[in-house]
Amino acid sequence: MEKPSFELLNPATGTKSELPVRSGSIGPDCLDISALSKDQGVFTFDPAFSVTASCESKITFIDGDAGVLLYRGYPVEQLAARSSFMEVAYLLIYGELPSNTQLTAYRTSITRHTMINESLLRFTNGFHHNAHPMAMVSAVVASMAAFYYDSMDIHNPRHREIFSHRIVAKLPTIAAAAHKHALGQPFVYPRNDLAYCANLLNMFFAVPCEPYQVDPVAAQALDLLFMLHADHEQNASTSTVRLAGSTGANPYAAISAGVSALWGPAHGGANEAVLDMLEQIGTADQIPKYLDMAKDKSSHFKLMGFGHRVYKNFDPRAKIIREACHRVLAKLGRTDNPLFELALRLEEIALKDEYFVSRKLYPNVDFYSGVIYSALGIPRSMYTVMFAIARTVGWVAHWMEMISDPAMRIGRPRQLYTGPTQRDYLDVAKRS
Ligand code: ACO
């Protein structure tokens with residue numbers, strides 16, 4: 001059923017505009033304001049895009065009030081319990097769950113694309129030994145455009161598919177190269193007999209001088225975290241990928257822009273910041289002091305891993321990861337984990353505090369993920385890289401959706417200009 005348009009009256013000119021209502025399959029309606037500037041000569045003002053839908057998408061749906069997250073319609077809880085990261089990657093990128101044959105073919109193709117050009121390794125080795133791995137990963141991803149220009153025609157669907165396989169397959173290899181470079185250890189090549197996460201762990205932890213056996217508990221835990229981080233609709237890094245990609249830039253440049261945007265502590269960098277914060281808090285008796293700091297608007301301190309632009313309820317991913325923490329720590333024999341205990345206590349106290357209750361601030365996906373990464377032996381500086389590996393799938397899905405849309409246009413926000421009005425240049429001698 002067609003919904004009635006909204007009517008807007010310009011009080012200065014008396015001009016009326018019809019703002020058509022656009023409905024999605026679920027979620028709030030959107031007012032189509034695309035003709036507003038032509039009709040009324042005004043723009044809309046929505047800093048930080050709090051209420052603006054920047055595109056139409058069929059990939060991921062979030063109901064932030066109800067704490068619901070769907071990938072292509074499937075609840076994330078069901079996928080987390082029964083699916084795998086490779087299957088979720090296929091679902092997000094291709095739109096449907098794969099058949100057995102399709103999944104096998106996809107896994108095989110990803111496995112066969114895991115090696116990186118030796119020059120990319122040499123490039124990684126050129127970084128200072130204590131460079132942050134996110135800096136290395138974003139640079140190496142951007143430089144992939146210099147290696148794969150044979151298949152970078154963004155208007156060619158087969159080229160887009162080859163890119164999508166390459167980037168998903170090579171991100172773990174690039175991440176492991178950055179890790180080994182920081183350690184000063186030799187790079188470990190990918191192994192095609194291992195599944196995606198097991199191969200990543202092997203590249204991280206194996207050394208040439210002794211055999212290394214991947215712990216299936218660790219590989220499974222990583223697979224779960226990757227499924228939960230795979231996509232989250234138009235978040236800051238995904239919107240960055242879309243905006244960069246909308247210029248027609250090559251896809252590696254667009255993904256590299258996404259990696260850089262993810263690094264910020266308000267976004268994917270929060271997982272690293274949560275563990276720093278827990279260590280800073282130290283003991284449960286210090287929690288009230290830090291909560292007071294988080295509430296103090298004159299301090300820059302925030303409760304990392306808490307709050308979300310969209311979720312005004314529990315982030316469903318945080319719930320799953322908190323449960324997984326109990327399971328994984330028990331299976332790894334690490335039940336005595338003071339940082340996890342402290343995180344649980346912090347959550348309990350914050351969720352009873354009027355400041356957090358009234359602002360609907362709940363733990364987000366990053367609050368507990370670092371506890372699992374640390375139990376797996378992954379160094380803190382690599383946590384956001386882990387997030388980037390998983391989110392690459394979402395970035396690719398969104399880039400593919402945007403590029404294959406015949407109506408795609410360059411993204412170009414407008415502004416409310418508040419600077420000086422036109423004035424004349426003065427020679428330097430005449431300036432006071
Ligand atoms: N600690 C203390 N106060 C907070 C926090 C926090 N973590 N998060 C929000 N608030 C407060 C704000 O100061 C604001 O208070 P006010 O109404 O008195 O001014 C109110 O809650 C509303 O928050 P906004 O800043 O409007 O929320 P916004 O949507 O702009 O920001 C964000 C969301 C960036 C996630 C924010 O909550 C935050 O910085 N959290 C900590 C960092 C973090 O965990 N980021 C990961 C997010 S998930 C992800 O990207 C993977």
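This is a predicted model: local features need pLDDT of at least 70, side-chain atom pairs count only at pLDDT 80 or more; totals for chains, interfaces and linings use all residues.
Residues are numbered from 1 along each chain as its sequence is written, and side-chain values use heavy atoms, with hydrogens and water left out.

- Buried here means under 20% relative accessible area, exposed means over 50%, and partly exposed is in between, with a 1.4 Å probe and protein chains only.
- Helices are DSSP runs of H or I with at least four residues, strands are E runs of at least two, and both are numbered from the N terminus.
- Leaving aside residues up to four places away in sequence, Ile 167 touches Val 141, Met 144, Tyr 252, Ile 255, Thr 392 and Val 396 (contact means heavy atoms within 4.5 Å).

**Salt bridges**

- The whole structure has 13 salt bridges, each being a side-chain nitrogen of Lys or Arg within 4 Å of a carboxyl oxygen of Asp or Glu.
- Lys 3 pairs with Asp 29, with the closest N and O atoms 2.9 Å apart. That ties together distant parts of the chain, 26 residues apart: Lys 3 sits in the segment before β1 (6-9), and Asp 29 in the loop between β3 (21-22) and β4. Lys 3 is partly exposed at 36% relative accessibility, and Asp 29 is partly exposed with a relative accessible area of 36%.
- Arg 242 and Glu 401 meet at 2.7 Å, N to O.
- Asp 315 counts as buried because its relative accessible area is 0%, and Arg 317 is buried at 2%.
- Asp 276, Glu 279 and Arg 380 join up in a salt-bridge network.

**Surface patch**

- Phe 6, Leu 31 and Ile 33 make a nonpolar surface patch with about 260 Å² of accessible area together. Areas come from the Shrake-Rupley method with a 1.4 Å probe, and for residues only the protein chains shown count as cover.
- Patch residues have over 30% relative accessible area and no salt bridge; like charges are joined within 9 Å, and nonpolar side chains (Val, Leu, Ile, Met, Phe, Trp, Tyr) within 5 Å.
- Leu 31 belongs to strand β4 (residues 30-31) and is partly exposed at 38% relative accessibility.
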